[in-house]
Amino acid sequence: MLTIALGGAAGAALPAPAWAVGEQRPGAVRPPALTGADERVAARVSAERALHHLRVLSQRIGPRIGGTRSEHKAADYLSGVLDGLGYAVTRQPFTVADKFLAQLEARPGLPRDLCWQAGASAHAALDTRVRGDVVDVHAGAPADYPADVTGRIVLIDYLAAERETLVATAVARGAAAVIFLPADLAEPRRAAAFSPTLPGSATTPVPIPVVGVAQAQKHRLRERLAAGRLRLTVSTAAHRGLTSYNVLAERPRADTGGPVVMVSAHYDTVIGAPGANDDGSGTVLCLELARVLRKLPTEATVRFGLWGSEEQGLLGSRYYVAQLPQAERDRIVAVYQNDMVATSWDPATRYWLLSFTGLANRATDEVTAAATRLGYEPRISPVTLRGSSDHQSFQEAGIAAANFSWRGEAGPALLEPPYHSPEDTIAKNISLERLQVSMELIGSAAYATAGPARPGAV
């Protein structure tokens, strides 16, 4: 159910960043003025190494839905990488809500540059598989139907206020399944896949699958159907009794009571999204910095946090913070949360420093200072008020934290079109240059915060 074929995207060749440690970076206003600590980080981090991990997450595993087997596979992979680097790795479990997923397939196949996972209604047929010719009934009124749709899969424009009537009409006409098509959002936004709710059917489920696809999937389905006959297989599955996991890692050290610097990201995705940028990019940034920083002695403990089920409401990071005794919260000096740090969308030219309180703190100060040393001051935003990522969980508890992300110049809500969509792939939405810059900024800031160990220190 959670397997995704991306075809040619798997071998996509991206231009690798090509600058020496002391050279002026693309987009920087001047050559860098690096400290020795900065140079130790910048000389080692590699977006190309990080890309290897990103291919595993977004292409081999695909959508990583909180609590399901796909998220568990990702947690296994992340734990294995960090364990192989010599870190002490902990898996922190917590329960999450049930998930209802669908998969679309066709022969000849659907376009392979898109993920074809969708959402399934919890109030319709689940754990089933139907196959049939597709017919587009547009608004879904009785007059929009051809004479006979028995055993066919109907495409219907989704209208929330009429969804139950639309489904009832399809059932009455003998349809084998309903695929709801979302309304197009204003660019650059595009609608995500969704699990349609049918509250009137909570006690007596609809006898056929009811599925909600993304905007990009909608247009591809209609294009295929306009070109000739389209025969689809629609599979649905209920995932119940779910456990999600945070993956935590730190280098073993004798001093367990000193300060802690955290570098973090979430590794789950929304339904139907391979999550190359959101937040595969932040996740692989953490893995690459874990590789680099493990060799660099520090005064503070450097801890990596990879959060499960962020897309369901920051569940993983909220659980982590809630379980921390106050004495452990007090040890955390700064949290560098990385969410969407590598988009290739051209207008995403500003690197945003996002604080839930809107105020500067140790994390934002250190990244600003690192940006100055790297020559990137004009590309860095002022500290800006915004939550909606895992830094919020820490700031609500009084811990210095911020979210760092490439977004549009006009404001932090200006996200790339592939955001939360089947098009969030390496081929469509990843810039290795931006990923490299993000790793240099966060790596330099985190290493400076952790305090490079004095000569002779352990």
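This is a predicted model: local features need pLDDT of at least 70, side-chain atom pairs count only at pLDDT 80 or more; totals for chains, interfaces and linings use all residues.

Me: Okay. What follows H4, and what is its phi like?

Reply: Gly 174 comes after H4. Its phi is positive, near 90°.

Me: Which residues of H4 are buried?

Reply: H4 covers residues 163-172. Its buried residues are Arg 163, Leu 166, Val 167, Thr 169 and Ala 170.

Me: How do they sit around the axis of H4?

Reply: Look down the axis of H4. The buried residues fall within an arc of 160°, so they line one face of the helix. In general, an α-helix has 3.6 residues a turn, so residues three or four places apart point the same way.

Me: And which residues are exposed on the other side of H4?

Reply: Thr 165 and Ala 172 are exposed there.

Me: What covers the buried residues of H4?

Reply: The cover includes three strands: E5 (153-157), E6 (177-181) and E7 (210-212).

Me: Is His 138 buried, partly exposed or exposed?

Reply: Partly exposed, with a relative accessible area of 42%. Now take Met 340, which is not a glycine either but has a positive phi of about 75°. Met 340 sits in the loop between strand E12 (332-338) and strand E13 (350-355). Met 340 is buried, with a relative accessible area of 3%.

Me: New topic: prolines. What kind of peptide bond runs from Arg 107 to Pro 108?

Reply: A cis one, with omega near 0°. Pro 108 lies in the loop between strand E2 (99-106) and strand E3 (117-120). The bond from Glu 187 to Pro 188 is also cis, with omega near 10°. Pro 188 belongs to the loop between E6 and E7.

Me: Where is Pro 63?

Reply: In the loop between helix H2 (47-61) and helix H3 (69-84). Pro 63 is buried, with a relative accessible area of 1%.

Me: Now helix packing. How do H6 and H12 cross?

Reply: H6 is residues 276-293 and H12 is residues 432-450. Their axes come within 10 Å and cross at roughly 50°. The crossing is right-handed.

Me: Which residues make that contact of H6 and H12?

Reply: From H6: Ser 281, Val 284, Leu 285, Glu 288, Leu 289 and Leu 293. From H12: Leu 435, Ser 438, Met 439, Ile 442, Gly 443 and Tyr 447. By class, the contact has eight nonpolar, three polar and one charged residues.

Me: What about H2 and H6, how do their axes cross?

Reply: They come within 9 Å and cross at roughly 135°. H2 and H6 are therefore oblique to each other. Their crossing is right-handed.

Me: Which residues of H2 and H6 meet?

Reply: On the H2 side they include Arg 49, His 53 and Leu 57. On the H6 side they include Gly 280, Val 284 and Arg 291. The contact divides into six nonpolar, five polar and three charged residues.

Methods
Residues are numbered from 1 along each chain as its sequence is written. Side-chain values use heavy atoms; hydrogens and water are left out. Axes are lines fitted to C-alpha atoms, for helices over the stretch in contact, and angles run from 0 to 180 degrees between N-to-C directions. Helices (H or I, at least four residues) and strands (E, at least two) are DSSP runs, numbered from the N terminus. A crossing is left-handed if the near helix is turned anticlockwise from the far one by less than a right angle, and right-handed if clockwise. Contact means heavy atoms within 4.5 Å. Ala, Val, Leu, Ile, Met, Phe, Trp, Tyr, Cys and Pro count as nonpolar, Asp, Glu, Lys and Arg as charged, and the others, Gly among them, as polar. Buried means under 20% relative accessible area, exposed over 50%, partly exposed in between (1.4 Å probe, protein chains only). The arc is that of the directions from the helix axis to the C-beta atoms. Angles under 35 degrees count as roughly parallel, over 145 as roughly antiparallel, 65 to 115 as roughly perpendicular and the rest as oblique.
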